[in-house]
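Visitor: Could you show me how to read the features of a protein model, one at a time?
Guide: Gladly; let us look together.

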Amino acid sequence: AGSFAYIRPNKSLNLAPESGATVSQMELPEEFQNSNVLVEVRGAGLLRRQAHYANSMTLGLFESYGQIKVSEDQSGKPLAAVYVKVFARDADGAVRFHKDGYTDLRGRFDYASLSGASDLPAERFSILVLSPSHGALIREVTPPKR
């Protein structure tokens, strides 16, 4: 979080803890509910920062097929046109870009298969799912069995 030291806040709130309370809680403001945010808390001479990557998506993993399904958290409705970027880690530990694209009308994306001769075996996949309206999430998965 130290690398975030020069970010200017979009919103600052001053909160006074209840008398005698050792723990205080607050809701994240509505405008930041589905946003990636950096929360900074200062008090009693201490400073703490925590990145929070929010989303309102559910990610279904079909590892045996090398596919994911992205849907809305509340309704379960499939999310089409959500950006997906996939990186692969090879057996020797090297990390490489694998593929990217968008979910189809069913909210599905095939993260494992490639067309052409560049289909190198991977030990793990790291998947970034990014939606402007539903936030972002990252998952690591194993490749499907061959």
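Here we go through strands, a core, a histidine and some salt bridges.

Visitor: What should I know before I start?
Guide: This is a predicted model, where local features need pLDDT of at least 70, side-chain atom pairs count only at pLDDT 80 or more, and totals for chains, interfaces and linings use all residues. Residues are numbered from 1 along each chain as its sequence is written, and side-chain values use heavy atoms, with hydrogens and water left out.

Visitor: What is the strand order in the open sheet of 3 strands?
Guide: First the general idea: strands are DSSP runs (E, at least two residues), numbered from the N terminus, and two of them pair if DSSP finds at least two bridges between them. In this model, the open sheet runs β3-β4-β7 with antiparallel pairing. Strands β3 (57-62) and β7 (108-110) stand at the edges with a single partner strand each, so one side of each has no neighbour in the sheet. On average, neighbouring strands here are turned by 20° against each other, direction ignored; the axes behind such angles are lines fitted to C-alpha atoms, and angles run from 0 to 180 degrees between N-to-C directions.

Visitor: How many bridges join β4 to β7?
Guide: Strand β4 (residues 67-72) is joined to β7 by 3 bridges, and Ile68 has Phe109 as its bridge partner in β7. Another antiparallel pair is β8 (residues 124-131) with β9 (residues 135-141), joined by 7 bridges. Leu128 is bridged to Ile138 in β9, and a hairpin connects β8 to β9 through 3 residues.

Visitor: Which residues have the most contacts inside the largest nonpolar core?
Guide: In soluble globular proteins, nonpolar side chains tend to be buried together. A nonpolar core is a set of buried Ala, Val, Leu, Ile, Met, Phe, Trp, Tyr and Cys residues joined through side-chain atoms within 4.5 Å. Buried means under 20% relative accessible area, exposed over 50%, and partly exposed in between (1.4 Å probe, protein chains only). The largest core here has 18 residues, and those with the most contacts inside it are Ile68, Tyr111, Phe125, Ile127 and Val129. Strands β3, β4, β5 (83-89), β8 and β9 each supply at least two residues of this core.

Visitor: Is His98 buried or exposed?
Guide: His98, in strand β6 (residues 95-102), has a relative accessible area of 5%, so it counts as buried. Leaving aside neighbours within four places in sequence, its contacts (heavy atoms within 4.5 Å) include Val86, Tyr111, Leu114 and Phe125. A polar atom of the His98 side chain lies 2.9 Å from the backbone oxygen of Ala112 and 3.4 Å from the backbone oxygen of Tyr111.

Visitor: How many salt bridges does the structure hold?
Guide: Side chains of opposite charge can pair when their charged atoms come close. The cut-off is a side-chain nitrogen of Lys or Arg within 4 Å of a carboxyl oxygen of Asp or Glu, and the structure holds 7 salt bridges. One of them joins Glu123 and Arg89 (3.6 Å, N to O). This pair links distant parts of the chain, with Glu123 in the loop between β7 and β8 and Arg89 in strand β5, 34 residues apart. Asp90 and Arg96 form another, with the closest N and O atoms 3.0 Å apart; Asp90 is buried at 15%, and Arg96 is buried at 17%.

Notes. Helix = DSSP H or I, 4+ residues; strand = E, 2+ residues; numbered from the N terminus. Polar contact = N/O pair within 3.5 Å; in protein donor to acceptor, adjacent residues only side chain to side chain.
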